[in-house]
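Subject: Structure handover

Hello,

Here is the structure I promised to pass on to you. Please open it beside this message, and then read on for what turned up.

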Amino acid sequence: MISLIITVLGIAAVGIFGLNYGIDFSAGTALDITTNKQVEKAKIESFLDEQKLGEYTLVTSDNRASVRFKAALNDVQEKKIKADFSKQLDDKADYEMHIVDAEIAREQQRSALIGMAVACLGIVLYVSIRFEWRFAIAAVLSLIYNAFFVIAVFSIFRLEVNLPFILAVLTIIGYSINDTVVIFDRIRENLRFAKIKSTSDLDVLVNKSIWQTLARSINTVITVLIAAVCLFIFGSESIKLFSLAMILGLVSGAYSSIFIASPIWLYLKKKEPLKKAVKTSNAQ
């Protein structure tokens with residue numbers, strides 16, 4: 001029920017707020033400026049307003065300014081803004097510019113969606129062959145929840161969605177299915193020796209399997225989580241959102257493997273006639 005409530009709230013958030021696409025998916029120009037001295041944010045804003053390059057967002061930190069223009073700048077505008085900034089604010093500043101036009105942005109959107117779809121399809125095929133179709137459905141629903149949870153958080157807090165974010169989601173899917181397969185493998189192993197006489201026996205078996213793999217799942221997630229938190233705290237601005245997405249995904253992945261994937265399989269298994277389920281478990 002908690003998962004269902006979170007999912008409904010996430011759907012509402014994405015429907016109302018949408019996603020805050022970065023220039024990778026919405027086109028525009030990203031300009032990162034590293035200054036040799038401290039430059040006040042107000043001066044940078046005044047400078048950008050004078051350039052008259054359209055709507056922009058500005059984020060500043062110590063000796064660094066990140067500007068995101070909604071329009072894609074041409075070569076003349078690019079050279080002019082660099083020259084003017086060096087002349088007016090800091091002649092020793094370094095610049096890193098990334099420009100994406102509308103066609104490239106649409107292509108990258110399509111490629112990102114195709115990549116996620118192929119990953120999920122591959123997981124369905126693998127789990128179906130390695131286990132059975134009930135395990136595959138439970139695993140994919142769990143993965144969809146993980147990905148959607150991260151997307152919903154980014155939508156609610158208006159965090160930028162870019163290519164590193166997609167990479168983080170795909171990485172999360174990989175770690176999550178790893179935990180899920182470990183639990184499923186233990187369930188299948190316990191089914192081989194279990195004497196299933198009622199649906200309550202299935203409840204006990206799944207609960208026992210989760211407890212047997214719980215320490216392993218938690219230890220794996222904590223190990224990776226430590227690395228992700230360190231990246232978020234000590235990493236550069238360019239990977240902070242990637243690290244945040246990883247942190248959210250790792251936590252939700254560990255949760256969903258235990259509280260979503262396994263119960264969904266149990267629900268589907270209980271739909272099978274009990275006599276058939278007993279024969280299946282004995283055969284396994």
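The lining of the largest pocket draws at least two residues from each of β1 (20-21), α2 (23-26), β2 (28-34), β3 (56-61), β4 (64-69), β5 (94-100) and α9 (237-270). Helices here are DSSP runs of H or I with at least four residues, strands are runs of E with at least two, and both are numbered from the N terminus. Please keep in mind that this is a predicted model, where local features need pLDDT of at least 70 and side-chain atom pairs count only at pLDDT 80 or more, while totals for chains, interfaces and linings use all residues. Residues are numbered from 1 along each chain as its sequence is written, and side-chain values use heavy atoms, with hydrogens and water left out.

Back to the largest pocket: β3 gives the most to its lining, with 6 residues. The space inside is about 1,100 Å³. A pocket is an open set of points on a 1 Å grid over the protein atoms alone, with protein on both sides within 12 Å along at least five of seven lines; a cavity is a set of points where a 1.4 Å probe fits but cannot get out, and lining residues have an atom within 4 Å of a point. Points are joined across faces, edges and corners, and a volume is the space filled by probe spheres set on them. The lining of the largest pocket has 36 residues, of which Ser66, Arg68, Glu160, Asn162 and Leu241 are the closest to the centre. By class, this lining holds 14 nonpolar, 11 polar and 11 charged residues. In that count Ala, Val, Leu, Ile, Met, Phe, Trp, Tyr, Cys and Pro are nonpolar, Asp, Glu, Lys and Arg are charged, and the others, Gly among them, are polar.

The second largest pocket has a volume of about 260 Å³. Its lining includes Leu19, Tyr21, Phe25, Gln109, Met116 and Phe165. α5 (102-130) and α7 (163-193) are the elements that give two or more residues to this lining, and α5 gives the most, with 4 residues. Here the classes come to 10 nonpolar, 1 polar and no charged residues.

There is also 1 cavity of 30 Å³ or more, and the largest cavity has a volume of about 70 Å³. Among the residues that line the largest cavity are Ile172, Tyr175, Asp179, Thr220 and Gly253. Of this lining, α7 supplies the largest share, 5 residues.

Now for the packing. The largest nonpolar core has 50 residues, and those with the most contacts inside it are Phe154, Phe165, Phe184, Ile187 and Trp265. Such a core is a set of buried Ala, Val, Leu, Ile, Met, Phe, Trp, Tyr and Cys residues joined through side-chain atoms within 4.5 Å. Buried means under 20% relative accessible area, exposed means over 50%, and partly exposed is in between (1.4 Å probe, protein chains only). α7 provides the largest share of this core, 12 residues. A second, separate core of 17 residues includes Val39, Ile44, Phe69 and Ala93.

Phe135 is in helix α6 (133-156) and has a relative accessible area of 2%. Leaving out residues up to four places away in sequence, Phe135 touches Val127, Phe184, Ile187 and Trp265, where contact means heavy atoms within 4.5 Å. Ser209 lies in helix α8 (199-234), buried at a relative accessible area of 0%. The side chain of Ser209 makes a polar contact with the side chain of Asn190 (2.8 Å). A polar contact is a pair of N or O atoms within 3.5 Å; within protein, one must be able to donate a hydrogen and the other to accept it, and residues adjacent in sequence count only if both atoms are side-chain atoms.

Last, the backbone. Most residues other than glycine have a negative phi. Lys52, however, has a positive phi of about 55 degrees; Lys52 sits in the loop between α3 (41-51) and β3 and is exposed, with a relative accessible area of 74%. Arg158 also has a positive phi of about 55 degrees. Arg158 is placed in the loop between α6 and β6 (160-161) and is partly exposed at 36% relative accessibility.

Best wishes
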